[in-house]
Structure formats: structure tokens, C-alpha cells
Amino acid sequence: MANIAQAMRDETATPIQRGLKEALYGGAISFGLFFLFIGLRTDQNISNELILVPRWGLLAIVVGLVMVVRFFYVAYAQPFMARQKIVNVTSGLLPDSVATRFFRLPYFIAALVIAVALLVFAGSLDGIFGPALAGYMRFFRALAIIYALASVLFYFRTFISAHFSALGIGVLVAYPIVVVLVLTLINGSMASGFQGSLKWVDNFGIQILIYVMLAWGLNIVVGLAGLLDLGYVAFYAVGAYAYALLATHLGWSFWILLPVAGIMAAFWGVMLGFPVLRLRGDYLAIVTLAFGEIIRLVLINWREVTNGAAGISGIPKVSFFGLMSFNVSDPNYIAKVLDIAQSGAYYKIFLYYLILGLALLTAFVTIRLRRMPVGRAWEALREDEIACRSLGINTTTTKLTAFATGAMFGGFAGSFFAARQGFVSPESFVFLESAIILAIVVLGGMGSLVGIAVAAAVMIGGTEILREMEFLKVVFGPDFTPELYRMLLFGMAMVIVMLWKPRGFVGSREPTAFLHERKAISSSFTKEGHG
Amino acid sequence: MTAARALLDIKGVETYYGNIRALSGVDVAVNEGEIVALIGANGAGKSTLMMTIFGTPRARRGTITFAGTDITDLPTHEIARLRIAQSPEGRRIFPRMTVMENLQMGASLDNLKYYDEDVEKVFTLFPRLKERIAQRGGTLSGGEQQMLSIGRALMARPKLLLLDEPSLGLAPLIVKQIFDAIRELNRTQGLTVFLVEQNAFGALKLATRGYVMVNGVVTMSGTGKDLLANPEVRAAYLEGGRH
Ligand SMILES: Nc1ncnc2c1ncn2[C@@H]1O[C@H](COP(=O)(O)OP(=O)(O)OP(=O)(O)O)[C@@H](O)[C@H]1O
Ligand SMILES: [Mg+2]
């Protein structure tokens with residue numbers, strides 16, 4: 001690295017001097033890089049001629065930003081990080097870690113006070129500070145809440161990491177209830193509590209859980225069996241269209257079509273599996289990618305059945321196990337049956353628990369299968385195919401079951417997706433979706449269910465939160481649409497995680513076999529063995 | 001030789017890598033209850049023969065019969081299910097799986113009735129493995145990996161055990177221990193063993209019979225004692241080696 005060599009050479013220079021120098025270099029490099037990218041823009045004038053529009057201001061801001069960040073990094077952050085590793089000469093102890101210095105009781109109390117105060121006055125913020133400042137106040141409030149929550153998590157960190165799975169499931173089960181209760185308390189009425197919960201349950205909860213389920217399904221193929229599949233979204237599409245078509249044409253219920261969609265997706269998993277049996281690694285990846293595109297193109301072009309790019313709308317909702325319906329017009333509409341106020345939130349909350357159940361089913365099946373011969377064969381297959389065969393494992397059926405099982409869960413998720421949206425079109429099943437699901441599996445640490453769930457929450461939750469960052473409009477102007485930057489965030493997060501943890505959030509594999517130490521080894525046995 | 005009743009009977013086998021012929025008409029027979037050693041220079045085709053028995057690569061000519069079944073064209077996993085186990089060249093253990101899981105993979109085709117018992121047997125044979133029970137296969141030392149590979153093969157309760165250079169990378173004491181263990185398994189359980197060895201002296205001393213392979217053909221065969229005494233064998237494979 002350039003700056004390391006630099007540091008060796010001018011040992012005597014103070015960090016500030018070095019920072020200034022590095023900032024100049026950084027500025028020069030970024031000026032060269034961004035001169036054409038940002039400094040100039042091609043545009044059309046009124047008579048449709050191509051003209052160059054200079055954007056010197058923006059270029060200056062970007063270059064300036066690079067210089068400032070570089071300066072602070074070299075002058076302050078680097079020496080700080082170096083100090084963290086130096087032992088205190090007198091006490092012989094490492095300095096307090098950043099975390100223990102960052103999370104302190106007074107700060108926690110302050111954050112709590114700020115958050116509560118700003119929550120109490122939430123309604124009148126605009127009136128007091130004006131809309132622009134109120135935007136910042138809301139952002140500040142969000143930071144305070146995050147800090148308070150993070151402090152609590154930090155305080156209980158050993159307990160949390162010891163019981164992560166159980167706690168995680170508990171939080172997920174309680175989530176919609178907590179959201180409704182909190183919003184009811186804030187807004188003062190049950191109805192608006194339900195109404196307000198829509199966004200949190202649907203955009204965050206359901207959206208994240210769909211990706212968790214998809215990633216867990218793909219994990220069987222990629223993480224366990226080691227078959228790099230870039231076309232996973234095809235099975236999601238098969239499940240979605242299976243439900244959409246059969247439900248709209250035959251009127252069958254979701255509960256019958258869910259297994260049907262799973263079976264159809266599994267069937268297509270086997271169809272994909274056969275031709276790629278002999279392929280591995282990059283070759284397999286390319287063929288599966290092509291398979292995903294073929295399915296999408298079929299959906300677009302087979303208009304008589306799939307209605308082409310226009311998609312299928314009016315897909316029936318899921319019923320409450322056939323007992324109650326979520327359609328306002330039905331006689332057994334849930335609000336009529338239970339005699340409560342009408343709200344769309346019931347359906348969303350029901351869907352939330354449905355996808356939570358499906359996702360947990362995926363996890364449960366994965367965990368069970370890993371302990372069974374077929375699951376162990378998947379993992380062995382990932383490691384050494386030839387060794388597998390000479391141990392008596394039929395690698396053909398092993399691969400096909402991996403494809404089929406993974407595809408089946410993709411199909412379940414797909415039919416859920418169709419029921420939730422009420423509309424499907426080929427646009428939902430582009431390659432980018434496969435890439436996102438695969439990225440979640442890789443980020444989570446291939447094979448680790450917990451890691452994958454965390455990765456999905458961070459990635460999908462992160463992109464959803466971007467939508468909420470209205471205050472950014474105050475900074476970048478009213479035309480700024482933060483969600484357009486979600487792929488940028490995705491990419492940045494991937495790079496950071498891969499640098500920091502090259503094997504993903506949870507890189508280590510849980511072993512599945514243990515020694516069942518028998519109480520007493522029979523004496524005849526010890527005699528027989530060679531010692 | 002009692003070729004008609006041999007447990008493993010290899011007749012006129014030719015194996016090719018692309019267009020290159022690695023085995024040109026090999027005849028080898030391994031009778032039930034024997035320890036048979038195959039020796040030969042580097043690149044003679046010994047490992048190729050071992051792998052051809054398992055059908056990767058397949059023999060282009062000739063037949064291989066095991067316990068009366070023609071296995072020449074059987075899929076590899078079905079050959080293994082006839083209870084032929086192998087500790088192949090390069091060990092081929094599963095690097096990300098623990099020692100315990102590797103052993104379990106060896107047993108996976110059998111019913112698990114004898115599982116606990118067999119695991120204990122392997123650990124009695126290689127106590128070193130028991131100390132490393134939860135360690136990942138890939139992080140074991142070379143010798144430990146060799147032990148694991150042999151242990152995994154034994155977990156299948158094989159009728160015939162194929163060992164490709166079991167002494168590779170092991171300390172002399174452990175080599176002796178492994179050879180003793182092979183003899184013990186052969187004597188007490190009647191396990192039939194077909195092994196390839198560079199350590200010709202040790203292998204021929206251990207073996208009931210032996211074969212010498214040169215450039216893809218068997219040039220000599222006989223009892224272990226005879227081969228050890230044979231001046232040609234001595235000159236080519238023993239002089240300068242350990243005695
Ligand atoms: N996959 C392969 N492709 C092409 N040639 C191969 C392949 N495997 C082995 N060979 C060649 O076949 C011949 C026999 O190889 P083999 O591995 O059977 O030798 P070996 O007797 O086991 O030697 P060593 O004692 O060194 O292990 C060698 O000439 C080798 O180069
Ligand atoms: Mg060899």
C-alpha cells in the first residue's frame with residue numbers, strides 16, 4: 001500500500017503533515033478519475049444536438065470530500081486505530097475498546113431522554129422548527145433510538161450471542177404485536193395503530209422474510225451442496241405463476257396450491273439438474289443463469305397462458321385456513337366474523353406470520369436434513385465429488401435432490417409472493433433478483449442460517465430504510481430519490497463485509513456429528529483392538 | 001493362483017487417459033483373506049489400477065469381477081456398496097468437515113447398527129484421531145489425514161480394502177503401527193487387503209502375495225517372500241531403501 005511505504009519513509013512527519021500530503025494525493029487521483037465521470041455531462045439542447053454540460057461545482061465537492069475524508073483518515077483515524085493495539089506501559093492492559101468507550105450509561109440515558117422527548121412532541125415538530133429543521137430532528141431522533149437500542153444489545157451481548165436463534169425467533173413472533181401496540185400508544189387509537197403498522201409489517205417484515213426464505217432455500221443448493229446457481233429466481237417465478245394461474249383459472253385455494261407450486265418448482269429443479277449434472281463451478285453458474293433467463297423469456301412470450309409482459313392480476317388472497325376471508329365483500333370477512341373494525345392490516349399481519357412460518361419451515365427442514373444421510377451427502381459433495389462416489393454416494397440423485405429441495409422452497413416463496421402482491425409479471429423475476437439472493441447467501445456465510453438471516457435483514461432492511469430517509473431531500477434537493485441508491489448501498493455493504501469478514505457474517509460451519517461416548521467400552525472390544 | 005475363486009479378479013484390463021494408455025492388459029487376482037501388495041516405480045500405473053477398480057476412469061478393455069459380480073461397468077457408488085472401500089491416493093478426506101463427520105461419511109452407506117463400535121475401533125487403531133475429533137479434516141497434519149482416510153475406509157466394514165500408499169507421509173513408528181493394524185485386521189476379521197506401496201520392503205513382508213508393475217503391465221508376481229528374495233526386485237525396489 002502506498003501510504004504504508006510513505007509512513008516508513010517519513011517516520012518523522014507528524015500525522016497531520018502526513019494527512020495533508022495524503023489528502024493532496026487523494027485529491028489529485030480523484031480529480032483525474034472523476035474529471036470525465038462527474039465534471040462533464042453530455043446532454044441534448046433544444047435543437048437535439050449533443051452538447052457538453054460542465055459540472056465544475058459538483059466535481060469540486062466530490063474532490064473536496066475525498067480530500068477531507070483522506071485527511072481525517074490518515075491524520076486521526078489511523079493513529080487512533082494504531083493506539084488501540086498498543087498496550088498501556090504502566091498497567092499492561094490494552095486501552096478500553098472503542099465499543100466500551102462508545103456505549104456508556106450517561107450517553108445511554110441522554111439518548112433515551114432525547115428519543116422520548118422527540119417522540120412525545122412528534123406531532124408538533126413541524127410547527128416549532130419548520131419542515132426543514134424538523135426533518136433533521138426526526139433523523140436525530142432515529143439516531144438516538146438506534147443508539148439506545150444498540151447500547152441495550154451491547155450490554156446483553158454475551159446472553160444474546162448465546163441464545164441468538166431462540167431470541168431471534170421470539171423477536172420475529174412478537175414483532176407485529178409490538179409494532180401495533182407502540183403505534184396505538186403513540187397515536188392514541190387502536191385503528192390508527194393498525195393502519196400505521198402496515199408499513200412496518202409489510203415493507204420491512206414481510207419483505208425481509210421473503211428474502212430470508214429465498215436465501216435459505218438457495219442455501220441448500222449453493223451453501224450445502226456447493227452448486228453455484230445463478231438462476232434461482234426461475235423457481236420463484238415458477239411458484240408465483242403456478243399459484244397465479246391455477247388460482248385465477250381454477251379458483252383453488254392457497255392451501256392446496258402451496259404444495260402444488262412447491263412440487264412444480266421442484267420438478268423444474270430436477271429438469272435443470274439433469275443437463276447440468278456433469279458441470280461444476282463457473283460452467284454450472286453460466287448454465288443456471290441461462291436457465292433463469294429462459295424461464296423469464298417464456299413468461300414474457302407465451303402470451304396465451306401468461307399474458308406476457310402485462311402479467312396476471314386479480315390473484316386471490318389467502319384465506320384464514322378456509323375459515324375466514326380477508327375480502328371485505330365476503331360474508332365471512334374477518335372483521336365481520338370477529339366483530340372488529342375493518343382494516344387492511346389484518347391481512348398483512350396474517351401474511352407476516354404465514355411467511356414467518358414458511359421461512360421457519362425452510363430452516364427446520366434444512367437443519368433436519370443436514371443431520372440425515374442426504375444432507376450429509378450434500379455437504380460431502382461440495383467438498384469432494386470423487387470421494388463421495390467411492391464412499392457409495394449416488395452423486396446424481398444427491399445433486400438432483402439438492403436442486404429439487406432448493407427449488408421447492410423457492411416455489412413456496414413464489415406462491416406466497418403472488419398471493420401477497422395480487423399481481424405477478426416477468427419483471428419481478430429478473431437476474432438481479434437471483435444476484436441479490438445469492439449475495440445474501442454469500443454475505444451471510446455460505447451454509448449458516450443465522451448469518452443468512454442477518455444478511456437479509458441488513459441488506460433488504462437497509463434498502464427499505466433508504467426510502468424512509470426523507471430528510472435527505474433537505475440536503476440533496478426535492479428531486480432526490482434515495483431508493484435509487486439502494487444497489488449502491490448493496491454493493492458498498494458487500495465490499496465492506498467481504499473485506500472485514502471474507503467468509504461472511506458467520507463463516508464457520510456447525511458440525512453435525514459428535515461422538516456418542518458409550519458409558520463402558522466392552523472389554524472384549526478393547527482386547528480385540530490394536531493398542 | 002486360484003483365479004476362479006478370487007474375490008477380486010482383474011483380467012486383461014486396459015485403461016486410457018484420453019489417448020494415452022496407462023494400463024495395457026493387467027491381470028491381478030486377490031483371493032479372500034489375502035493381503036496383496038502392488039509395487040512399482042512412479043508413474044507405473046498403480047493408482048490408475050486402484051481407481052479403475054472403482055470405475056473412474058473406466059477400463060476400456062478387460063473385465064473386473066468382485067465376489068462373482070462383474071463390476072467393470074457398474075456405477076462407482078454401486079461398486080462401493082458391494083463393500084469395497086478405498087483410501088485413495090491424495091487421501092481425499094472432506095476438508096471442511098470434522099474428523100467425526102468424515103468418519104461418519106465412511107459409514108453412511110451401511111446401517112448404523114455398528115456405528116459406535118466401529119468408531120471406537122478406529123480410535124483404538126489411531127488414538128491420535130480421537131484427540132482431534134472436532135478438528136476440521138483440512139487442518140489435520142498430513143499423517144493425521146492419512147489416518148483419517150484409512151479410518152474412514154474402515155468405517156464401511158469392507159470385504160475388500162484398497163489402500164493407495166498408506167505409509168505416505170507417516171513417521172516410521174506410525175507406519176509400523178499401520179502395517180501391524182492391517183495384519184491384525186486381516187488375521188482377526190479376515191479382511192482382504194490390496195495395497196499399493198512405495199515402501200516395498202514393508203509391503204512385501206506384510207503381504208501374502210505381491211505384484212510388480214512396470215509401465216502399465218504386471219511383470220512379476222509371487223509370494224511376498226519370493227519377491228523379497230528375487231534379485232531383480234531387490235535391485236529395482238529395495239537396494240538403497242530401508243532393510
Ligand atoms: N488424469 C490423468 N490424465 C492423464 N494422465 C494421467 C492421469 N492420471 C495419471 N496419468 C498418467 O498415467 C500414468 C500412471 O499414473 P499413476 O498415477 O497410476 O501412477 P502410480 O503408479 O500411482 O505412480 P506413483 O507411485 O507416483 O503414485 C502416469 O504416466 C501419469 O502421468
Ligand atoms: Mg500413485
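This is a predicted model: local features need pLDDT of at least 70, side-chain atom pairs count only at pLDDT 80 or more; totals for chains, interfaces and linings use all residues.

Residues are numbered from 1 along each chain as its sequence is written, chains are lettered from A and ligands numbered from 1 in the order in which they are written, and side-chain values use heavy atoms, with hydrogens and water left out.

Start at ligand 1. Its shell holds 13 residues, the closest being Lys46(B), Ser47(B), Thr48(B), Glu89(B) and Gln198(B); a residue belongs there if one of its heavy atoms lies within 4 Å of the ligand. By type, the shell splits into four nonpolar, six polar and three charged residues. Here Ala, Val, Leu, Ile, Met, Phe, Trp, Tyr, Cys and Pro count as nonpolar, Asp, Glu, Lys and Arg as charged, and the others, Gly among them, as polar. Which element gives the most to this shell? That's helix 1 (residues 46–53) of chain B, with three residues. Helices (H or I, at least four residues) and strands (E, at least two) are DSSP runs, numbered from the N terminus.

Now look at the polar contacts, meaning pairs of N or O atoms within 3.5 Å. Ser47(B) puts a polar side-chain atom 2.6 Å from an oxygen atom of ligand 1. The side chain of Gln198(B) has an N or O atom 2.7 Å from an oxygen atom of the ligand, while for Tyr17(B) the side-chain N or O atom is 3.4 Å from a ligand nitrogen atom. On its own, ligand 1 has 640 Å² of accessible area, and the protein covers 59% of that (Shrake-Rupley method, 1.4 Å probe).

Next, the sheets of chain B. Strands of a sheet pair through backbone hydrogen bonds, either parallel or antiparallel. Two strands are called paired if DSSP finds at least two bridges between them. One open sheet has four strands in the order 2-1-4-5, with antiparallel pairing. Its edges are strand 2 (20–30) and strand 5 (69–70) of chain B, each pairing on one side only. Inside it, six bridges link strand 1 (residues 8–17) and strand 4 (residues 59–66) of chain B, and Ile10(B) stands opposite Ile64(B). Helix 1 of chain B packs on this sheet, touching strands 1, 2 and 4, and its direction makes about 110 degrees with that of strand 1. Contact here means heavy atoms within 4.5 Å. Axes are lines fitted to C-alpha atoms, for helices over the stretch in contact, and angles run from 0 to 180 degrees between N-to-C directions.

The other open sheet of chain B has six strands, ordered 6-7-8-3-9-10, with mixed pairing. Strand 6 (84–87) and strand 10 (217–223) of chain B sit at its edges. Strand 3 (residues 35–40) and strand 9 (residues 209–214) of chain B pair in the parallel sense over five bridges, with Val36(B) opposite Arg209(B). Helix 10 (residues 231–238) of chain B packs on the sheet against strands 3, 9 and 10, at about 65 degrees to strand 9.

Strand 9 also runs antiparallel to strand 10 of chain B, joined by six bridges, and Val214(B) has Val217(B) as a bridge partner. That hairpin has two residues between its strands, and Asn215(B) takes a positive phi near 45 degrees.

Chain A has a hairpin too. Strand 1 and strand 2 of chain A pair in the antiparallel sense over five bridges, and Asp43(A) is partnered by Ile51(A). Five residues lie between these strands, and Asn48(A) takes a positive phi near 60 degrees.

Why point out such details? Most residues other than glycine have a negative phi, and most peptide bonds are trans. You'll find Pro57(B) in the loop between helix 1 and strand 4 of chain B.

Methods:
A polar contact is a pair of N or O atoms within 3.5 Å; within protein, one must be able to donate a hydrogen and the other to accept it, and residues adjacent in sequence count only if both atoms are side-chain atoms.
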